[in-house]
Structure formats: structure tokens, C-alpha cells
Amino acid sequence: MMKKLLLFFLLPFLGHAQTNDDNTRPETQSFNNKSRLFKDWSISVGGGTSFMANADLTSFYDGKVNWGWNGYVSLDKQISHTFGLSLMYTRGQTKQKAYLNDAAGVANGNTKFDQIALLGDINFSNLMRRTDNKSPFRWALHGYAGVGFIGYKTFLQDNDVYSRWPVEIEQMNIASFTYTGGVGLKYNISRLLDIELRVLYLISGDEEFDGGGWSRTDTGYNQINDSYTDNAWLFNLGLSFKLGKHQDHLRWVDPLQGAYAKAAALEEQFKDFNVCEKGDQDNDGVCDDWDRQLDTPAGARVDGAGVALDTDLDGVIDLNDKCVTVPGPIQNNGCPLESTSQVLPVKEVAIDEINKYFNGIEFELNKDVIRPKSFQDLNKAADIIKTLGADSQFVVVGATDSRGSIQYNKKLSQARANAVLKYLTDKGVSSNILTAEGRGKEDLKYTECDPATKCPEWKNEANRRVYFVAK
């Protein structure tokens with residue numbers, strides 16, 4: 001997965017586009033000769049032997065081979081690392097024999113030909129090469145197929161009747177439309193030179209190509225074989241001269257393989273990088289490195305910080321909330337109260353509401369001064385307390401985390417509880433129903449946070465609080 005991710009970010013840099021290093025508008029480079037990364041032109045020359053096959057007169061007679069010759073020159077253009085085009089000129093001669101009958105005896109023939117063809121070149125090695133193969137390669141298998149025009153001149157002479165009047169057929173016009181296909185094995189000698197062993201099969205489309213005559217009735221030689229097209233094999237050994245100033249030719253390059261190699265190098269560089277060192281103990285999908293709620297209940301949906309979702313903000317997480325989109329008290333599973341007879345007494349419900357506003361009251365650092373941002377919540381709490389009646393008794397409790405001494409925390413929590421009580425009485429709450437009590441670090445919400453270093457900071461923050469209880 002990491003390799004694919006790295007490759008995704010690498011791909012924009014593998015093409016020809018370039019951008020400036022500053023924050024100005026990106027500039028692109030045109031796809032022209034200047035933007036090339038590889039050579040893509042070459043000139044090839046070569047030669048070898050040729051044989052007439054699938055004809056009336058063939059180069060294979062009486063267990064012997066009648067050797068011909070051919071030579072070629074081509075201009076090659078590599079379109080991509082798997083496909084190219086070649087404009088090729090070929091000149092050659094085949095030698096062939098056939099036995100017609102006792103009167104004619106064994107005939108000897110030959111065909112001299114000139115061909116111009118356009119060949120498509122498929123690089124099978126690049127096409128089938130594994131993209132994660134980092135090793136350099138010097139051999140490549142190529143496949144060729146194309147069309148062209150051929151002009152030829154034939155000569156035939158047998159041992160009897162036609163010895164005095166040889167049959168000659170000459171044809172040089174665009175009617176001789178040919179098909180050519182074959183394979184080649186290339187070897188990369190250097191950055192300038194390739195060598196190739198190539199085999200091509202030439203389909204002439206003419207029955208006269210082997211010298212057997214103009215028709216199937218003129219001399220009888222064209223009736224030896226039922227085929228209406230005479231074809232030839234061309235075996236060549238050639239050299240390809242790679243043109244251009246760049247180091248590599250495109251036929252020996254696989255850009256995708258290069259991209260995978262760069263991605264693999266980056267992967268190797270960062271193989272020891274651990275994204276989630278502490279794991280995910282509560283299995284909520286958020287690493288403990290940045291999880292703000294390390295004890296998320298199983299099955300609860302969480303936000304990006306690993307805190308269980310509470311859509312209606314009523315203090316009941318969605319996993320346990322029977323009314324996910326409508327706020328309600330904890331005692332009623334997050335659903336609103338329909339009547340006081342169905343749920344807990346009004347006083348206890350009111351205490352829950354008051355504590356909802358007490359939650360998150362902020363003080364100045366190490367002081368009992370309430371920050372102004374908490375005034376609005378305290379005002380709402382005061383309005384609820386004033387509805388509870390003068391015969392009720394409540395305690396404003398102050399608590400701290402486990403940092404610091406017992407005496408200091410006790411004193412600070414008492415001062416903060418007193419500050420909240422004073423604020424409430426200043427807002428019209430009767431001082432006769434309220435008492436302030438500082439419990440310091442003796443009243444931890446998360447008891448496991450003693451010492452504080454055993455817990456994440458969000459639990460220590462939760463231990464530093466002021467809350468409201470019935471006396």
C-alpha cells in the first residue's frame with residue numbers, strides 16, 4: 001500500500017511538465033524535442049539469406065537448400081517504449097527448383113525483388129516485463145507486422161522443353177501489394193548500437209512470384225501447388241544505429257518501471273517509520289498517539305480525535321443514546337422527559353442540567369478567578385438553581401488533578417468552589433441553600449490518574465473541575 005501511495009505522489013514528476021520553485025503560477029514546458037528524455041530515432045541496416053516457401057517452385061528441393069540473399073535498410077521511429085514504426089527498403093533474390101514432368105525435367109528458377117514496407121514494431125519484452133523488476137535488461141523480443149509494395153523479376157529454365165525458351169516474368173507495379181510479419185531478437189550493445197537477429201515472412205499475394213508462369217495453364221508449373229500466393233522467408237542479421245544526444249533509447253526504457261524503482265527507494269528510506277507507535281488499545285480506528293479518549297466503548301463511532309460521537313450534545317454518546325438527534329438526560333438514556341412521573345425527581349434532573357453548565361468552567365492559571373468566557377454558563381446554572389426552592393441544600397464541589405501537594409490542591413479547590421458560590425449568590429441564588437467544599441485531589445473523576453503521568457492530558461483536565469451535588 002505504501003508503495004502505491006508513494007507512486008501516486010511521484011507520477012506528476014515523471015512526465016515532461018516542469019514548474020518553478022516559487023509560489024507564482026506554474027509554467028509548463030511544451031512537448032517538443034527539448035522536452036525529450038530519451039532517444040527515439042534510429043537507422044537499421046542488415047542482410048542475410050532468403051528462401052522461397054509455400055510456392056510451386058521452392059528453395060527446398062530433393063533434401064537440399066537453395067540459398068538466396070537479401071539486404072535491408074530502415075528508418076525507425078519509437079513511439080513509446082512498447083511500440084514503434086519502421087519504413088524499410090529490402091532488396092534480395094531467392095533461388096528455387098521444381099519437377100514438373102519427365103518431359104520438362106527439373107526446372108531452376110530465381111526471383112529478384114525490391115520491396116518498400118511500413119512495419120509496426122511491438123516490444124514484447126517491455127510489454128510483458130514486471131514493473132517491479134529493478135535489474136537492467138539488454139535483450140528484447142520484438143514482433144513485426146506491416147504492409148508494402150514489391151516489384152520483382154523472375155527467371156525459369158527447365159532441362160528440356162523450356163531450355164531453349166526460358167520463361168521470364170517481370171512485374172513492377174503497385175498491384176503487387178504485400179504483407180510482412182515476423183520476430184526479432186535485439187541486443188543492446190551500447191548507447192549507440194543494437195544488434196538484431198530477425199526472421200520475416202513475406203506474403204506476395206501473386207502466384208507468379210516463384211517464376212512458375214503467368215497463369216495456371218501457361219507452363220503447368222503453377223499447378224504443382226494449390227496455393228495462389230507465393231511467399232518467402234527472410235533471415236537477417238542487422239545493426240541499429242541509435243540517433244540523438246540522450247543517454248538511453250526509448251526501446252530500452254520502461255518509464256513505469258523507473259517510477260516503481262523510485263517508489264521502492266523511498267519506501268526503503270522510510271521503512272522504519274512507524275505511524276502508530278502506541279497502537280490502538282480501544283480499537284476505535286484512531287492511534288493512541290493522538291487519541292483523546294483512550295477508553296472508547298466498543299462499537300462507538302468516534303471523531304478524528306478518537307472521542308465518541310454525541311450528535312445531540314446531551315452527554316449521552318450515540319452508542320447509548322436512544323434518541324440520537326434529540327437531547328435528553330442521562331437517566332432517560334438520552335431521550336427527553338415526557339412527564340415527571342416516568343423519570344427521576346425534578347431535583348435530580350435539575351442537578352444534571354446544572355452540571356452540564358458547570359462542565360468546562362475555566363479559571364485563571366493557579367488562581368480562583370473565573371474567566372469571563374464561563375459567565376454565560378454560570379448564569380444559566382443560576383437560573384435553574386433559583387427554581388429549586390429555599391428548602392433545598394446543595395454543595396458546590398471543587399476538585400483538582402493529582403499534580404502538586406495535598407495542601408495546595410485542597411486550598412486551591414476550596415477557593416475555586418467559593419468563587420463559583422459567590423458568583424451564583426451575586427446572581428440572586430440564596431446563600432442559605434449553597435455550601436462550597438474543596439476536595440483537592442481526593443475526588444478524582446479518573447482515579448487511575450495518580451500520578452498524573454499515567455494518564456493522557458484530557459483525563460487530567462477532566463479531574464480539574466467544579467460540580468454541583470445535593471447535600
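In which loop is the place of D314? I found D314 in the loop between α3 (255-269) and α4 (346-358).

**Entry 1: the model.** I noted that this is a predicted model, in which local features need pLDDT of at least 70, side-chain atom pairs count only at pLDDT 80 or more, and totals for chains, interfaces and linings use all residues. Residues are numbered from 1 along each chain as its sequence is written, and side-chain values use heavy atoms, with hydrogens and water left out.

**Entry 2: the whole protein.** I looked up the elements and found seven helices and 14 strands; these are DSSP runs numbered from the N terminus, helices being H or I of at least four residues and strands E of at least two. Of the 471 residues, 41% are buried (under 20% relative accessible area, with exposed over 50% and partly exposed in between, for a 1.4 Å probe and protein chains only).

**Entry 3: D314.** I recorded D314 as buried because its relative accessibility is 7%. Its side chain reaches the backbone nitrogen of V316 at 3.0 Å. A polar atom of the D314 side chain also lies 3.2 Å from the backbone nitrogen of G328. Leaving aside neighbours within four places in sequence, D314 is in contact (heavy atoms within 4.5 Å) with D321, V326, P327, G328 and G334.

**Entry 4: A117.** I then turned to A117, which is found in strand β6 (residues 106-123). Why does A117 count as buried? A117 counts as buried because its relative accessibility is 1%. Not counting residues up to four places away in sequence, A117 touches S86, L87, M88, V147 and G148. I also looked up F177: 60 residues separate A117 and F177 in sequence, and their C-alpha atoms are 9.7 Å apart in space.

**Entry 5: the cavity.** I looked for cavities (sets of points on a 1 Å grid over the protein atoms alone where a 1.4 Å probe fits but cannot get out; lining residues have an atom within 4 Å of a point). The largest cavity holds about 60 Å³ of space, a volume being the space filled by probe spheres set on grid points joined across faces, edges and corners. Among its 14 lining residues, the closest to the centre are D76, S86, D121, K186 and R251. The elements β4 (69-78), β5 (83-99) and β10 (193-203) each give two or more residues to this lining.

Technical notes
Polar contact = N/O pair within 3.5 Å; in protein donor to acceptor, adjacent residues only side chain to side chain. 1 Å grid on protein atoms, 1.4 Å probe; cavity = no way out; pocket = protein on both sides within 12 Å on 5 of 7 lines; lining within 4 Å.
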